[in-house]
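Let's take a walk through a protein fold and see what sits where.

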Amino acid sequence: MAARGFPYTDLKDFIAALERAGELRRIDVPVDPTLEISEVVTRTVRAGGPALLFERPTRGEMPVAINLFGTEKRMAMALGVDSLDEVGARIGAMIKPELPVGWSGIREGLGKVMQLKSLPPRKVKTAPCQEVVYRGEDVDLNRLPGLQVWPDDGGIFHNYGLTHTKHPETGKRNLGLYRLQQHGRNTLGMHWQIHKDSTAHHAVAERLGQRLPVAVAIGCDPVVSYAASAPLPSDIDEYLFAGFLRGERVEMVDCLTVPLQVPANAQIVLEGYLEPGERLPEGPFGDHTGFYTPVEPFPVLHIEAMTMQRKPVYHSIVTSKPPQEDHGLGKATERIFQPLLKLMIPDIVDYDLPAAGVFHNCAIVSIRKRYPKHAQKVMNAIWGAHLMSLTKLIVIVDEDCDVHDYNEVAFRAFGNVDYARDLLLTEGPVDHLDHSSYQQFWGGKAGVDATRKLPTEGYTRGWPEEMSMSPEVTALVDKRWKEYGI
C-alpha cells in the first residue's frame, strides 16, 4: 500500500511527508556543520529519533536535511510501502519462473508488462534543478553546507552526492553514491572504490587519454537516492530500477556543460570532468566501519557549472560505527534483494545482514538442509554472488531459526558447531574500506555451519532434541496468567 503522496516529486516533498507523519524535527538555531551537526545526528540516530532539518547551518547558504532514512519506518515511507518486504514481494512475483495458465495467468502476465512500462526515465527540456546557474568563476562549493563529521577528517565532505558517469565506449550510464572531499571552491576528490562501475568507466577514459565527464546530483527524491546505493549488476540501469520502485518514470534533464542527464528535480547539480592521470590525496575520513580510512590518491573532479533550485535543501548523511543512518539503507537492500538472492541460490530460506556487520562483514543465512555439507555449498554460492562476494563471515542455520533473532542465531552458532569440522576457511575479495585484511582488497573469510549435523556428515551420536513445552501446558498458563499475579 503506497504511502500518502507517493511517489514524491522531490526531496522537499518527502520532507513535507515526514513532517506530516511526525517523523521530522526542524532545528531553527544556528548549528555548525563542522562536527556539531554530526554529534547531534549521531545522538538522534542512537535514540531512534526523527529526521532532522537544520534550518540555519553556520556555513553554507541552505538548510541541511539528514537522518531521512534512519529507521525502517522512514525507509519504508521513502519507498512508498508499509513494509520493506513489500518491495521484495513485488520483485519476487515478477520473477516467478512458472508460465501463465489460462486467462487469469494471461491477465497476471499483462499486468506485469504494464508495470514494467513505467520504468524508462523520461527526458524533459526544462527542470527545477537548473533554476539557478553558476558557471566558471562563479562556481563556489562553499555555498553548500558540506559536513566535517569527525575531528580527524581531511576536511569538508559531501556525503550524499549521486555521481553520474558513462562508459566512454558503450555509453552505458552508471549512478553511484560516493563520498566527495572538497579540495577547493571548484574541485572535489572522487572516492570511488575498486569494485565500483564508475571506477571502470574512469579506467577506460584514462586508457583512451580522454577526460571523463561527471555530474553529481545532491538532494534527489528518496527513491532515486536509494537506487544510487543499491548493489545492482552493471547491466541494470539504476533509473530503470528507480522507475520500478516509484511506479512511474523518473524525469531527467540534459546537463548544461557535460553530455550526461540528471534528475530534473534534484536540489543541486555539479557538472565537471576528470583529467586523465590526475590524482590528489583524499582522506582521512571517518567511515561506516567506525574507523578512519587512510589517505589515498583519488581522481579530481573539476566543476565547470553548479545548478540548483531557487531555494534548495542540502541532503547529507553521517557515517560512523553502527548504529547509524545507513543501516536503514542496508536493511532496505537486504529485504528488496532477497528474492533475487534466492533466485540465484534457491537453497536459501531467508538472510539477515546485521547492522554491526556494516554491510559486508557478516551474513546470517537459513537453509532447508537436505544433504551432507549443504551448508558449505551455500557458503560458496554466496561468495560467488555479485557483491555478496565481499562477505567475510557467513553463519548458516536451519530453516526453523529466525535469522533476525540474534539471540537465537547466537544460540545455534555457539552450541551447534564443532569448530574442527564445521568451520570453512577461505580467501577472497573484501571491501575497499576493510582495515583488517593484511592485503588491501582481499583477505580471509569464514563460514560457520550451525545447522543440525547428519549421520552422512560423519555425526554418529544422534542429534539431540531441543526442549520445548507441550502445547497443552502453554495454553493452560496463557489462560491462567493473570491468576499468578506476576
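At roughly what angle do the axes of helix H4 and helix H8 cross? Before we get to that, keep in mind that this is a predicted model.

**Two crossing helices**

Helix H4 covers residues 85-94 and helix H8 covers residues 238-246; their axes cross at roughly 110° and come within 11 Å. Angles of 65 to 115 degrees count as roughly perpendicular, so that is the label for H4 and H8. On the H4 side, the residues that do the touching are Val87, Arg90, Ile91 and Met94, and on the H8 side they meet Phe241, Phe244 and Leu245. Sort the residues of this contact by class and you get six nonpolar, one charged and no polar.

**Inside the cores**

Phe241 belongs to the largest nonpolar core, which has 77 residues. Together with Met75, Leu79, Tyr226, Ile336 and Val365, Phe241 touches the most other members of that core. Take Val365 as an example: setting aside neighbours within four places in sequence, Val365 is in contact with Ile348, Asp350, Tyr351, Val378, Ile382, Ile394, Val395, Ile396, Val397 and Val403. There is also another core, apart from the largest one, with 35 residues, including Ile27, Ile66, Val149 and Met306.

Met306 is worth a stop. You'll find Met306 in strand E17, which spans residues 300-308. Is Met306 buried or exposed? Met306 is buried, because its relative accessible area is 0% and anything under 20% counts as buried. If you skip residues up to four places away in sequence, Met306 touches Val132, Val133, Tyr134, Val139, Asp140, Leu141, Arg143, Leu144, Val269 and Leu270.

**Sequence versus space**

Now compare separation along the chain with separation in space. Met306 and Arg335 are 29 residues apart in sequence, and their C-alpha atoms are 36 Å apart. Thr126 and Asp254 are 128 residues apart along the chain, yet 8.8 Å separates their C-alpha atoms. Thr126 sits in the loop between strand E4 (122-124) and strand E5 (132-135), and with 66% relative accessibility Thr126 counts as exposed.

**Cysteines without partners**

How many disulfides does the count come to? The answer is zero. As a reminder, a disulfide is a covalent bond between the sulfur atoms of two cysteines. For the count here, the two sulfurs have to be within 2.5 Å of each other. The sulfur of Cys220 has its closest cysteine sulfur in Cys129, 8.6 Å away, so that pair is too far apart for a bond. For Cys362 the closest cysteine sulfur is in Cys401, at 12 Å, which is also too far for a bond. Cys220 is buried at 1% relative accessible area, and Cys362 counts as buried at 13%.

Cys362 also turns up in the surroundings of Thr391. Leaving out neighbours within four places in sequence, Thr391 is in contact with Cys362, His360, Ala363, Trp383 and Lys445. Thr391 lies in the loop between helix H11 (374-382) and strand E21 (393-398). With 2% relative accessibility, Thr391 counts as buried.

The peptide bond from Phe6 to Pro7 is cis, with omega near 0°, and Pro7 is in the segment before helix H1 (11-20). Pro322 and Pro323 are likewise joined by a cis peptide bond, with omega about 0°. Pro323 is in the loop between strand E18 (314-315) and helix H9 (326-336).

Next, here are two residues other than glycine with a positive phi value.

Key
Residues numbered from 1 in each chain as written. Predicted model: local features only at pLDDT ≥ 70, side-chain atom pairs only at ≥ 80, totals over all residues. Heavy atoms only, no water. Helix = DSSP H or I, 4+ residues; strand = E, 2+ residues; numbered from the N terminus. Buried < 20%, exposed > 50% of the residue type's maximum accessible area, 1.4 Å probe, protein only. Contact = heavy atoms within 4.5 Å. Axes fitted to C-alpha atoms, helices over the stretch in contact; angles between N-to-C directions. Parallel < 35°, antiparallel > 145°, perpendicular 65-115°, else oblique. Nonpolar A, V, L, I, M, F, W, Y, C, P; charged D, E, K, R; others polar. Core = buried A, V, L, I, M, F, W, Y, C linked by side-chain atoms within 4.5 Å.
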